[in-house]
Amino acid sequence: MSRILALLLLVSPFLTATASEQSSCSANKGAFLTGTVTSAPKFASGSSIDGVETSHTHVNLKADQDGKTYDVAMDNVYAVDYVKNAKAVPNSLKAITVGSRLEVCGEKYTSGVGIHWVHSNCGAVPTATAPNGWVKQLSSSGSVGANLERSQTYCYLWN
Amino acid sequence: MDQRLSPWLIVAGALACVAAYYLWPHDEPAAVPVPEHTAVAAASVLSRLAAMPVGASTASAAVTASEPPLIGRNGRIVDLGGLSVAQYVAQREGAARLGNIKAAYEVYQAESLCANTDEPLPETTENADREQIARAQARQRALCTNISPSQVQERMRYLKLAADAGNADAQVDYFMEGPGGKPVDLAANADEPAVKQWKQDAIGYLRTAGAQCNGYALSLLSNAYDMGSMVERDPGLVMAYGIAAARARGGDKTPEQWKRQFGEDLNEADAAAALTLGAQLADGACRSAPK
């Protein structure tokens, strides 16, 4: 009994943090996933808007919620260290490694298993098709990192 | 009417219309809060096009089929006008050496094309994408024939010349290039004198460019205060420079919208202070900026 109590005490901060994050994601109209990264970040070229390439970085995430493996599409322009038009994964996203834990809030693909719009929505009122999303790394202790997709530098492309 | 006169009358009429257009007073677009549904709708379509699941037909369509533009190490598109880098530089280097700032910046721009031709190819989601990046890199390498490594290194001297002369684009590029124009891990090399000097110069240049109402420089300052690798992290300045950047680009929002966009980490008082500072930065920079 005492072991169970100790275990509960150990995991309760983590569960509380996750519940709070999930509720924050719902308030921001996003779909919430946590899971383990199963593939290293890969670059994908994108179209150009006003001379700025909207490339992406993809990782696979095995979700805790349903056990499915999601393609997570992260917009490079929302990474704080994005270098305009660079054909490379930004360093902050390169830091996502296989086996690490990730938390994402965004919009699930309507076709296929994946999630995108895992980034800030530039201060607009969030909707289900344009949530105020994020990508955060989870440490082994359960602490939640900063949103890796929070830069507002290129919001002007859409505003 | 004399039929021979009519073409002249048409030309005169057209010229009068053009003159009237330019002489007629045009109102500057008013800064009004952005209708959020419009921004979101536009962003929604574009993001969907760009982030479709790997293998979907639109994802391949997003990769331009035509010859991609030439991109310098600073992220800018460079137009060599059909010349090789060596030919382009040869036309301008004399003037650049004599201190012509425009020529110096153009020489820098062209040589910056040759600074990223050996970057390792990224791991991509699609092989076709990687092949296209490799082709673009090979094309850029070919255009850089007869440009020596010392010329590639020398570009940073021309860049600094232009930045010191007040060219806001050059000041932004100095930041984009990184210490010595090479990729450097700022955290791991924080104590290197060259890195320390670059941080100080780059932030100074961004502030100078920002003071000229350069929205890009202001938003990069916002990022710099967010990352905390060049200057100490400061959420208030993240918000203030972010607001100043948006206002420099003609955007305006309600205090609530600004707070939602930038003020996640701030309490009410700090957000209000950042809001005031952001407005002051934009007003100070953009009122005095040369038109």
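Analyst: Chain B is divided into domain 1, residues 65-165, and domain 2, residues 174-291, with bounds that come from an automatic or database domain assignment. This is a predicted model, in which local features need pLDDT of at least 70 and side-chain atom pairs count only at pLDDT 80 or more, while totals for chains, interfaces and linings use all residues. Residues are numbered from 1 along each chain as its sequence is written, and chains are lettered from A and ligands numbered from 1 in the order in which they are written.

The C-alpha centres of domain 1 of chain B and domain 2 of chain B are 27 Å apart. Where they meet, nine residues of domain 1 of chain B are in contact with six residues of domain 2 of chain B, a contact being two residues whose C-beta atoms, placed from the backbone, lie within 7 Å. On the side of domain 1 of chain B that touches domain 2 of chain B, four residues are nonpolar, two are polar and three are charged; here Ala, Val, Leu, Ile, Met, Phe, Trp, Tyr, Cys and Pro count as nonpolar, Asp, Glu, Lys and Arg as charged, and the others, Gly among them, as polar.

As for confidence, the model scores ipTM 0.85 and pTM 0.80. The mean pLDDT of chain B is 82, with 76% of its residues at 70 or more, where pLDDT is the predictor's confidence in each residue, from 0 to 100. Two stretches call for caution. Over residues 1-7 of chain B pLDDT stays under 50, and the model gives that stretch one contact beyond four places in sequence. Over residues 52-64 of chain B the pLDDT is also below 50, although this stretch has 22 contacts in the model beyond near neighbours in sequence.

The secondary structure of chain B consists of 13 helices and two strands, these being DSSP runs numbered from the N terminus (helices are H or I of at least four residues, strands E of at least two). Of the 291 residues in chain B, 39% are buried; a residue is buried if 20 or more other C-beta atoms lie within 10 Å of its own, exposed if 12 or fewer, and partly exposed in between, with C-beta atoms placed from the backbone. Taking the contacts in chain B between residues at least 6 apart in sequence, 65% join residues at least 24 apart.

Helix α5 of chain B, residues 101-112, should span 16 Å for its 12 residues at 1.5 Å a residue, and its end C-alpha atoms are 16 Å apart, which agrees; the expected span is 1.5 Å times one less than the number of residues. Of the 12 residues of α5(B), 10 are buried, among them Y105(B), E106(B), V107(B) and Y108(B). Those buried residues pack against β2 (77-78), α4 (85-97), α7 (149-164) and α8 of chain B.

Helix α10 of chain B, residues 215-227, reaches 18 Å from its first C-alpha to its last over 13 residues, close to the 18 Å expected. Because 12 of its 13 residues are buried, α10(B) is largely enclosed by the rest of the structure; the buried residues include Y216(B), L218(B), N223(B) and D226(B). The elements that cover them include α8 (168-177), α9 (193-210) and α11 (235-248) of chain B. After α10(B) comes G228(B), whose phi is positive, near 75°.

In helix α9 of chain B lies P193(B), which is exposed, with 7 other C-beta atoms within 10 Å. The C-alpha atoms of P193(B) and L266(B) are separated by 34 Å, with the two residues 73 apart along the chain.

Finally, chain B meets its partner: 43 residues of chain B are in contact with 44 residues of chain A. The elements α2 (36-50), α6 (127-143), α10, α11 and α12 (255-262) of chain B each supply at least two residues of the touching side, and α2(B) gives the most, with 10 residues. By class, the side of chain B that touches chain A has 22 nonpolar, 12 polar and nine charged residues. Chain A itself has two helices and nine strands, and 48% of its 159 residues are buried.
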